[in-house]
Amino acid sequence: PEKPKSDRIVMQRIDSASATEPELLETLKRPSQKSPDAILKIVTPIIEDVRKNGDKAVLSYTHKFEKATSLTSPVLKAPFSKEMMELPAETIRAIDTSFENIQKFHAAQKDDKTLRVETMPGVVCSRFSRPIERVGLYVPGGTAVLPSTALMLGVPAMVAGCSKIVLASPPRADGSVTPEIVYAAHKVGAESIVLAGGAQAVAAMAYGTESVTKVDKILGPGNQFVTAAKMHVSNDTNAGVGIDMPAGPSEVLVIADKDANPAFVASDLLSQAEHGIDSQVILIAVDLTEQQLGAIEDEVHNQAIALPRVDIVRGSIAHSVSVLVKTIDEAMRISNEYAPEHLILQVKDAAKVVDLVMNAGSVFIGEWTPESVGDYSAGVNHSLPTYGFAKQYSGVNLGSFQKHITSSNLTAEGLRNVGGAVMQLAKVEELEAHRRAVEIRIQHMDGKK
Ligand code: HSO
Ligand code: ZN
């Protein structure tokens, strides 16, 4: 029997031809997050507690929030036992295949050849990269287990050559970690798994405890508490810890024209919608007839009601939108303004449209490229900028685990060539010691002692 209309899982529509620009932007607004101040009020005392009381504090939060009351240590050290990573052969194969593809793609991002430029005769500037030594990788718990996130963070860390890889993930109520995550940790050569989630896990890795290794950078997605904690510790100059990027709820923007298969389009929208009720999915329909758009909407509804996570989907579809536009240029203008974490191009000559992409975390090109291949196994990273941060941030990549160090190396001739400019600017800035550091050497060359 037909479902009553009100039960229909359908995205709100907006027609760019009749809507004003502010109206359009208003509909494309991300679902609002809790006020950062409110969240900070909750996480700050937790962070302080862990900083002061170390393991004891971490354990007490894990007992309380994860109900893992049997845990006596917040850390599982490598080597991990075989029993902890017992998995069906097909899961092992899937993790291995994904691991290899992610490894290949991130290894190709290596730039370990030193970049060397002689800017003037005798003035050589170089740049080389070094791994960040100790990294902390946060793998969220919550409504889904995410071994894929352990791979997306761990594999590039391993490829970059980070010497200490620490994973953190909230344990299950029995105190254990899902075997998939342990196996991923084992494959990337993690030294330990911190059995904690939330702000307490972030604080433990930022400051270190009796048993948790202090790290230099914390990466990985998480809820608002994790994100607030990452921001807080990265602002504490005494912690000396960096973070990857601010994180918000997940999102996808699909651009579809009349060549697109409605069932494929719907399946991509729903893959993102099932992540969480705060996820947002946007469809930009390029010059579709009422019938074509209706076909996509029917697919969204029909596929959604068959999903185990249909209730989550209902939540996210409620703040999701279909935007009707006439041309691909208009679609891309809106997409670039929205700056989606994932951009899916289900349009004619999709590969050419990539030239128009200015802001996006990762692009999925053509009808045979669902987002899920990138989420798991193609080789690209799935830890991407959300909430519009694709305008200024890149997703996690090899460079996220490296520093670039520069060097200069001058000959006497080089110093003569560039010294005049240096001395003049030092004079302008009235920094006399700077000026003399050049002058003293030039006098020395000239034999004036
Ligand atoms: N789509 C998510 C990543 C993920 N999907 C993990 C499945 N597992 C990132 O936005
Ligand atoms: Zn996903």
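The model is predicted, so local features need a pLDDT of at least 70 and side-chain atom pairs count only at pLDDT 80 or more, while totals for chains, interfaces and linings use all residues. Residues are numbered from 1 along each chain as its sequence is written, chains are lettered from A and ligands numbered from 1 in the order in which they are written, and side-chain values use heavy atoms, with hydrogens and water left out.

**View 1. The zinc ion (ligand 2) and its protein donors.** His275, through NE2, and Asp375, through OD, coordinate the zinc ion at 2.1 to 2.2 Å (donors are N, O and S atoms within 2.8 Å of the metal, or 3.2 Å for Na, K and Ca; water is not among the atoms, so sites may look incomplete). Histidine 275 lies in the loop between α8 (262-273) and β11 (280-286), whereas aspartate 375 belongs to helix α13 (residues 371-376), so the pair ties together parts that are 100 residues apart in sequence (helices, H or I of at least four residues, and strands, E of at least two, are DSSP runs numbered from the N terminus). Histidine 275 is partly exposed at 38% relative accessibility, but aspartate 375 is buried at 12% (buried means under 20% relative accessible area, exposed over 50%, and partly exposed in between, with a 1.4 Å probe and protein chains only).

**View 2. The surroundings of ligand 1.** Among the residues around ligand 1 are Leu146, Ser148, Ser250, Tyr376 and His382 (each with a heavy atom within 4 Å of it). An N or O atom in the side chain of histidine 275 is 3.0 Å from a nitrogen atom of ligand 1. A polar side-chain atom of glutamate 341 lies 2.8 Å from an oxygen atom of the ligand, and one of glutamate 371 lies 3.2 Å from a nitrogen atom.

**View 3. Serine 250 in its loop.** Serine 250 sits in the loop between β9 (242-243) and β10 (251-256), and it is buried, with a relative accessible area of 18%. Its side chain makes a polar contact of 3.1 Å with the side chain of glutamate 341 (a pair of N or O atoms within 3.5 Å; within protein, one must be able to donate a hydrogen and the other to accept it, and residues adjacent in sequence count only if both atoms are side-chain atoms).

**View 4. Serine 169 and valine 139.** Serine 169, in the loop between β6 (164-168) and α5 (179-187), is buried at 3% relative accessibility. The side chain of serine 169 reaches the backbone oxygen of valine 139 at 2.8 Å.
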